[in-house]
Amino acid sequence: MHHAGGDLTDAAPRAAARLVGELHARGPRVHCITNTVAQAYTANMLLAAGGVPSMTLSAEEIGGFVARADALLVNLGTFDAERRAATGVAIAAAHEHRRPWVLDPVFVDRSASRAAFARDLVRRGARVVRLNHAELTALADGATREDAMAYARATGVVVAVSGTADLITDGMRTIAIGNGHPLMARVTAMGCAGSALVAACLALEPDALMASAAALIALGVAGEIAAEKSAGPGSFAFHIIDALAALDAPTLMARAKVSA
């Protein structure tokens, strides 16, 4: 379903408001291949939003876990041999069981081999690629809005670029989300947690642009609410978990900052 620009600014907050309730009602299971630094925090953020995390990395077991999950997250943060093997098996299982999956190509700008692996993964059917400007430049040879749109069109993925405003595009439609707080950048695993929320929303919403927008609006609004109660990054890290757990539709509708 394609929305015109003006409709998108209205549809995205409505999708966030709807999905935040559906996450708690339906409890989608998200299997996360993520880095050692991010595992526990990502799991707690998913639980707060109503999702159910599973985190095993064993190549022998992961296919069965993905088959029973509703979505998959592949984060390349600590990219060791175990995760590389697990990723191949997990993506094959996601395809076989038609589960949507999100790629978070962490630090592809710092490693040529990682960038090559990420390019191959994108071609294997990721629904959403979530990354920052440096990572987008490594994969798409540029980080402007036009570069993101061209990359989305060329690969068939939804591209979600984090920054002062989050930019989300499927190559035709583009949304900018202005929610969030600078403290979010001072907590490790916040990016991975956001990608896990995108995966959880993808489990419930087939329009990957809307699912991504809903997840990142929810995360950003939770960050703003948490910042009001926090003394610094330590207290912020647990306040945002509480804020995400308490989010409701009226709060999201009132606070969403979306432009087309």
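These exercises work through helix packing, a pocket and a cavity in a predicted model.

**Exercise 1. Helix 3 and helix 4**

Task: find the angle between helix 3 and helix 4, then say which residues meet.

Solution: 
- Step 1. Locate the helices. Helix 3 covers residues 59-68, and helix 4 covers residues 81-96.
- Step 2. Take the geometry. The axes lie 8 Å apart, at an angle of about 30°.
- Step 3. Classify. Angles under 35 degrees count as roughly parallel. Helix 3 is therefore roughly parallel to helix 4.
- Step 4. The crossing of helix 3 past helix 4 is right-handed.
- Step 5. List the contact. Helix 3 brings Ala59, Ile62, Gly63 and Val66. Helix 4 answers with Ala85, Ala86, Val89, Ala90, Ala93 and Ala94.
- Step 6. Sort by class. This contact of helix 3 with helix 4 has 9 nonpolar residues, 1 polar residue and no charged ones.

**Exercise 2. Helix 2 and helix 8**

Task: describe how helix 2 and helix 8 cross.

Solution: 
- Step 1. Helix 2 spans residues 39-49. Helix 8 spans 190-202.
- Step 2. Their axes come within 9 Å and cross at roughly 40°.
- Step 3. Helix 2 and helix 8 are therefore oblique to each other.
- Step 4. The hand of the crossing between helix 2 and helix 8 is right.
- Step 5. From helix 2, the contact uses Tyr41, Thr42, Met45, Leu46 and Ala49. From helix 8, it uses Met190, Cys192, Ala193, Ala196, Leu197 and Ala200.
- Step 6. By class, the contact of helix 2 with helix 8 has 10 nonpolar, 1 polar and no charged residues.

**Exercise 3. Helix 9 and helix 10**

Task: give the angle, hand and contact residues of helix 9 and helix 10.

Solution: 
- Step 1. Helix 9 runs over 208-227. Helix 10 takes residues 233-246.
- Step 2. The axes of helix 9 and helix 10 are 8 Å apart, and the angle is about 125°.
- Step 3. That angle makes helix 9 oblique to helix 10.
- Step 4. Helix 9 and helix 10 form a right-handed crossing.
- Step 5. Helix 9 supplies Ala218, Leu219, Ala222, Gly223, Ile225, Ala226 and Ala227. Helix 10 supplies Phe236, His239, Ile240, Ala243 and Leu244.
- Step 6. The contact of helix 9 with helix 10 divides into 10 nonpolar, 2 polar and no charged residues.

**Exercise 4. The largest pocket**

Task: state the volume of the largest pocket and describe its lining.

Solution: 
- Step 1. The volume is about 920 Å³.
- Step 2. The lining of the largest pocket holds 34 residues. Nearest its centre lie Ser162, Met184, Ala185, Met190 and Gly191.
- Step 3. Strand 5 (128-131), helix 8 and helix 9 each give at least two lining residues.
- Step 4. By class, the lining of the largest pocket has 14 nonpolar, 15 polar and 5 charged residues.

**Exercise 5. The cavity**

Task: count the cavities of 30 Å³ or more, then describe the lining of the largest cavity.

Solution: 
- Step 1. The structure holds 1 cavity of 30 Å³ or more.
- Step 2. The largest cavity has a volume of about 40 Å³.
- Step 3. Its lining comprises Val20, Leu23, Ala49, Leu197, Cys201, Ala215, Ala218 and Leu244.
- Step 4. Helix 1 (5-26), helix 8 and helix 9 each give two or more residues to this lining.
- Step 5. The lining of the largest cavity has 8 nonpolar, no polar and no charged residues.

Definitions and conventions. Residues numbered from 1 in each chain as written. Predicted model: local features only at pLDDT ≥ 70, side-chain atom pairs only at ≥ 80, totals over all residues. Heavy atoms only, no water. 1 Å grid on protein atoms, 1.4 Å probe; cavity = no way out; pocket = protein on both sides within 12 Å on 5 of 7 lines; lining within 4 Å. Points joined across faces, edges and corners; volume = space filled by probe spheres on them. Helix = DSSP H or I, 4+ residues; strand = E, 2+ residues; numbered from the N terminus. Nonpolar A, V, L, I, M, F, W, Y, C, P; charged D, E, K, R; others polar. Axes fitted to C-alpha atoms, helices over the stretch in contact; angles between N-to-C directions. Parallel < 35°, antiparallel > 145°, perpendicular 65-115°, else oblique. Left-handed = near helix turned anticlockwise from the far one by under 90°. Contact = heavy atoms within 4.5 Å.
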